[in-house]
Amino acid sequence: MLDELRAAIGKYVVLPSEEALTAVTLWVAATHIQTALQHAPRLAVVSPTKGCGKSRVLDVLHETVHQPMMTVNTSPAVVFRVIGKNPPTLLVDEADTIFGPKASGDSEILRGLLNAGHQRNRPAWRISGPDHKPTPFPTFAMAAIAGIGDLPDTVMDRAVVLRMQKRKPGEKVTPFRSRYSVPELNALRDRLTAWLGPLRGQAARMVPQMPVEDRAADTWEPLVIIADLAGGQWPAQARAACLAMTRHEAAQDEQSSLKTRLLRDIHRIFAQADNPEALATQDLVASLLQDAEAPWAEHGTKGLNAYHLSNLLRDFNISPANHRFDKGRQAKAYMRNRFLDAWARNCPDLVEVAPEPEHGAAPARMPQNRPPAAPAGTLPVGPPGGPAGPKRAL
């Protein structure tokens, strides 16, 4: 059964590794025993750019997982109310719009739901009903979350992570056609349900030996349980995939921390130079190397250079360009405005916020003969019951 499911998934998508294909296969099967699990691992489907196959992965999952529910533009209130004793499998696309710097309040609620739902018995309390009584809403449900760029650390730490890449010219997949593909995958889904349904009680009692510890063990345990139920080569394959993919993520975390440090150091260097429009690449590298407490002097074999800097910033879609400085000087340089999005996403504490005027302060005088400028950002909202301005007659 698992061999057939693995072959069907691999027919429609190119995953980063054989271990990743094993993990997705086991994750799909685990959705069919959710009611027997203590933890609901997330499946993080991330990529550096669009066109890497994330949506196709969700298409395949939609036809094979237990009771799929797509949550694109779905309100958190709906999600709260559909999760019950037999929860659906949440499929969240375009997660970069949820977790970006311009996320709405509803998006933050959904983010909290995804974090809490990793573990059983972590309800969300809301005031509900005509009597306005505090009511617990279940959050426990398995979820696949796809987006460009890494998801928040709290989500990634609870996830089996697929780092998708664009297919190479020689990598071929079978076109996903609803007319032919959906019946095939639905038949596999129904066979999974028939196989695993009677085994839920056994699965709930299993305490498999895990090759990892702590939260990684919580996240991977449902997949290993499925492998142990299947037997054959699957128990060994599951544990090998667990070790390989968690070690890869540990290395990614270390690299991600390094890149975040780089963004912060570059922000400091721009600020020290009074935030010019651009900094020449050689000047930026030299400034980074001057910090004795930073890791840049030991980066690579001979310290950070322009090539290393470009590689480290590539994932943030930041690259140097030719720039004309004062006195006609031309050089490769990094434009400050190219960093703004990366700073907002990865170092939100560095984002500059305009100070609000003190209460009772007189408004600034407008320049003569000029229309008022449009307000930047959102206008401050006073607290309920606070002082109100003069009412305009209707």
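A: Asp214 counts as exposed, because its relative accessibility is 63% (exposed is over 50% relative accessible area, buried under 20%, partly exposed in between, with a 1.4 Å probe and protein chains only). This is a predicted model, where local features need pLDDT of at least 70, side-chain atom pairs need 80 or more, and totals for chains, interfaces and linings use all residues. Numbering starts from 1 along each chain as its sequence is written, and side-chain values use heavy atoms, without hydrogens or water.

Asp214 lies in helix H10, residues 214-230 (helices are DSSP runs of H or I, at least four residues; strands are E, at least two; both are numbered from the N terminus). Its phi is near 55°, positive in a non-glycine residue. Most residues other than glycine have a negative phi.

Asn317 also has a positive phi, about 60°, and is not a glycine. Asn317 sits in the loop between helix H13 (306-314) and strand S9 (321-324). Its relative accessible area is 60%, so Asn317 is exposed.

Now a buried residue. Lys54 lies in helix H3, residues 54-62. Lys54 is buried and has no salt bridge (a side-chain nitrogen of Lys or Arg within 4 Å of a carboxyl oxygen of Asp or Glu). The nearest side chain of opposite charge is Asp93, 6.5 Å away (Lys and Arg count as positive, Asp and Glu as negative; His and chain ends are not counted). Leaving out residues up to four places away in sequence, Lys54 touches several residues, including Val45, Thr49, Ile148 and Met164 (contact means heavy atoms within 4.5 Å).
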